[in-house]
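Reader: I am new to this structure and would like to go through the terms used for it one at a time. Could you set each value beside its definition before drawing a conclusion?

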Amino acid sequence: MRATSARGQQVSPTRLLEILTDRFGAFEAIASSSITLARVAPDEERPMDPLGAEAVLEFGEDLRGAAEAVRARGQGWPAA
């Protein structure tokens, strides 16, 4: 993730948080699938270790909480 725009301007921390929040959803989908597969599939067929998957989901919740805190303070991007 770049910290500068195409015009060479510094990207705000709030914008970086928005980008990270948007892109992290793919990791959460993989983690959720991995947890589901852990119930039925052998280890070699799982895309992620179950403990790692739980950590990804927990981080995703924290990330959304941080984004909501920024929105509540009236800073950053508009609500979706």
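**Terms and values**

Author: Asp-49 counts as partly exposed because its relative accessibility is 48%, where buried means under 20% relative accessible area, exposed means over 50% and partly exposed lies in between, with a 1.4 Å probe and protein chains only. Asp-49 lies in the loop between α1 and α2, and its C-alpha atom is separated by 8.2 Å from that of Ile-35, 14 residues apart along the chain. The model is predicted, so local features need pLDDT of at least 70 and side-chain atom pairs count only at pLDDT 80 or more, while totals for chains, interfaces and linings use all residues. Residues are numbered from 1 along each chain as its sequence is written, and side-chain values use heavy atoms, with hydrogens and water left out.

Reader: Why is the pair of Glu-28 and Arg-64 said to tie together parts of the chain?

Author: Their side chains meet in a salt bridge of 2.8 Å, N to O. Glu-28 lies in helix α1 and Arg-64 in helix α2, so the pair ties together parts that are 36 residues apart in sequence. Glu-28 is buried, with a relative accessible area of 15%, and Arg-64 counts as partly exposed at 38%.

Reader: How many salt bridges does this rule give?

Author: The count comes to 4 salt bridges, and one of them joins Arg-46 to Asp-43, with the closest N and O atoms 2.1 Å apart. Asp-43 is called exposed because its relative accessible area is 57%.

Reader: What makes up the largest nonpolar core?

Author: A nonpolar core is a set of buried Ala, Val, Leu, Ile, Met, Phe, Trp, Tyr and Cys residues joined through side-chain atoms within 4.5 Å. The largest one has 10 residues in all, among them Leu-17, Phe-24, Ile-35, Met-48, Val-56 and Leu-63. The elements that give two or more residues to this core are α1 (13-38) and α2, and α2 gives the most, with 5 residues. In soluble globular proteins, nonpolar side chains tend to be buried together.

Reader: Why is Glu-58 called exposed?

Author: Glu-58 counts as exposed because its relative accessibility is 52%, and this residue lies in helix α2 (residues 50-72).

Notes. Helix = DSSP H or I, 4+ residues; strand = E, 2+ residues; numbered from the N terminus.
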